[in-house]
Amino acid sequence: MVASRSEYRSPRGKVVRGRDDWLFLHRDTNRAMSQQSGEIRLTPYQLMQWRILLDTRVAWLERQGARYVFMVAPNAASVYPEMLPAGFESSPQRPVHQLLDDLAAHRSPATVLYPEAELKELKPRIAPYARNETHWSDPGAFRAYELTLDALAPGVEARRLAWEDLAVSTDTTPGDLGRHVDPNVEAEHVFTQVREPVARLVSDNRVFNTGRTIVYECGAAPGSCVLLGDSFSYRMLPFLAETFGRLVFVHRPTVDFELIAQERPAVVASLLTERFLVRVPFDQPFKPTRVMVRDKRAIGEVLAPRDDTYLRPDVWPPLNLAEE
């Protein structure tokens, strides 16, 4: 267990301090630190549920003419285990490893990416995570973007960005964890911006969290993509928007069959944060995004409108609060 003396004063004790003032999510509903230690593991039944879910998605999407790729975004603690609190050891066999091993053992046709090693390789050059944030940085998201396109090639047409296409800047800011402790903790964050963006923002329904739908179009890029993901997805959107002629992002963990049938995309990608793997999503019974959006609007869960068409979605307020 993590010693309570390592905690900042935070609501419900959900933030724990590691080495060099790193902050990590703690005591969330998914028990991220217990997963990190190997205390919580997937059951054989959960592994079977995951395998059926992913294999079914691959088969159905193939019939729709779409390639499917599933990415698990690593927890910050998985990429920076050396920064965890003293005495806390990160297990080399966590739920994500169980899933990867099980899919391999059953020769699943699903393409599943888990870029833990690739993000660790970035660390000597540029930070894939900030020390006060649960989400990856822009450079971390860009590395995940590169790996996604690697997995789709050959066979999928895309306008691929290179690192040289990005302008890099830094700023000192509180992250989503730094804002939830007293006193607030600020740290350096690395940001990127496409130097010569061609894509345009078509629509953003501004629904809070699940159900949010953002559409981009890019006249210089071929093909189309639907991305179904959680809050880690937002930092990838400016890159993917430049890569496909049409990009539709929906904040949800499950497949929207109605949307896929309407869009007929060449690519469908899913992005799920590592700590959420212990809750297997179910594509059936099916609830269309349009119904989610109607219900959210009815209770006022909509963000204030934006007055610009900047490609980068909001990073704050955080869109993952309901997922903790």
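Colleague: Then in which sense do β3 and β4 pair?

Modeller: Strand β3 covers residues 67-73, and its residue F70 stands opposite V112 in β4. There are two bridges between β3 and β4, and the sense of their pairing is parallel.

Colleague: Which strands stand at the edges of the sheet, each with a single partner?

Modeller: The open sheet has seven strands with mixed pairing, in the order β4-β3-β11-β9-β10-β8-β7. Each edge strand has a single partner, so one side of it is left without a neighbour in the sheet. The strands at the edges are β4 (112-113) and β7 (200-204).

Colleague: At about what angle to β3 does helix α6 run?

Modeller: Helix α6 is made of residues 138-152. It lies across β3, β4 and β11 (267-273). Relative to β3, helix α6 runs at about 150 degrees.

Colleague: How confident is the predictor in the protein chain, as an average pLDDT?

Modeller: A score of at least 70 is reached by 93% of the residues. Residues 1-9 have a pLDDT below 50, with 25 contacts in the model beyond near neighbours in sequence. Residues 317-324 also stay under 50, and the model has 31 contacts for them beyond four places in sequence. Where pLDDT is low, the predicted coordinates should not be read in detail; for the protein chain, the average is 92.

Colleague: Is R94 buried or exposed?

Modeller: R94 lies in the loop between α3 (76-79) and α4 (95-105), and it touches Q35, Q36, S78, Y114, E116 and E274, leaving out residues up to four places away in sequence. Buried means under 20% relative accessible area. R94 has 2% relative accessibility, so it counts as buried.

Colleague: Which residue has its backbone oxygen 2.7 Å from a polar atom of the R94 side chain?

Modeller: There are two partners to look at here. The side chain of S90 makes a polar contact with the side chain of R94 at 3.5 Å. The backbone oxygen 2.7 Å from a polar atom of the R94 side chain belongs to S91.

Colleague: And what is the relative accessible area of Q46?

Modeller: Q46 sits in helix α2 (residues 44-63). Beyond its neighbours within four places in sequence, Q46 is in contact with R41, V278 and V280. Q46 is buried, and its relative accessible area is 17%.

Colleague: Which strands are among the elements that cover the buried residues of α9?

Modeller: In helix α9 (residues 289-298), the buried residues are T289, V291, M292, V293 and K296. Just after α9, G300 takes a positive phi of about 80 degrees. The cover over the buried residues of α9 includes β8 (213-217) and β10 (246-251).

Colleague: Last one: what radius of gyration does the protein chain have?

Modeller: The protein chain has nine helices and 11 strands, and its C-alpha trace spans about 55 × 45 × 45 Å along the principal axes. Of its 324 residues, 59% count as buried. A compact globule with 324 residues would have a radius of gyration near 20 Å, and the protein chain agrees with that, at 19 Å.

Technical notes
Residues are numbered from 1 along each chain as its sequence is written. Side-chain values use heavy atoms; hydrogens and water are left out. Buried means under 20% relative accessible area, exposed over 50%, partly exposed in between (1.4 Å probe, protein chains only). Helices (H or I, at least four residues) and strands (E, at least two) are DSSP runs, numbered from the N terminus. Contact means heavy atoms within 4.5 Å. pLDDT is the predictor's confidence in each residue, from 0 to 100. A polar contact is a pair of N or O atoms within 3.5 Å; within protein, one must be able to donate a hydrogen and the other to accept it, and residues adjacent in sequence count only if both atoms are side-chain atoms. Two strands pair if DSSP finds at least two bridges between them. Axes are lines fitted to C-alpha atoms, for helices over the stretch in contact, and angles run from 0 to 180 degrees between N-to-C directions. The radius of gyration is taken over C-alpha atoms; the globule rule is 2.2 Å times the number of residues to the power 0.38.
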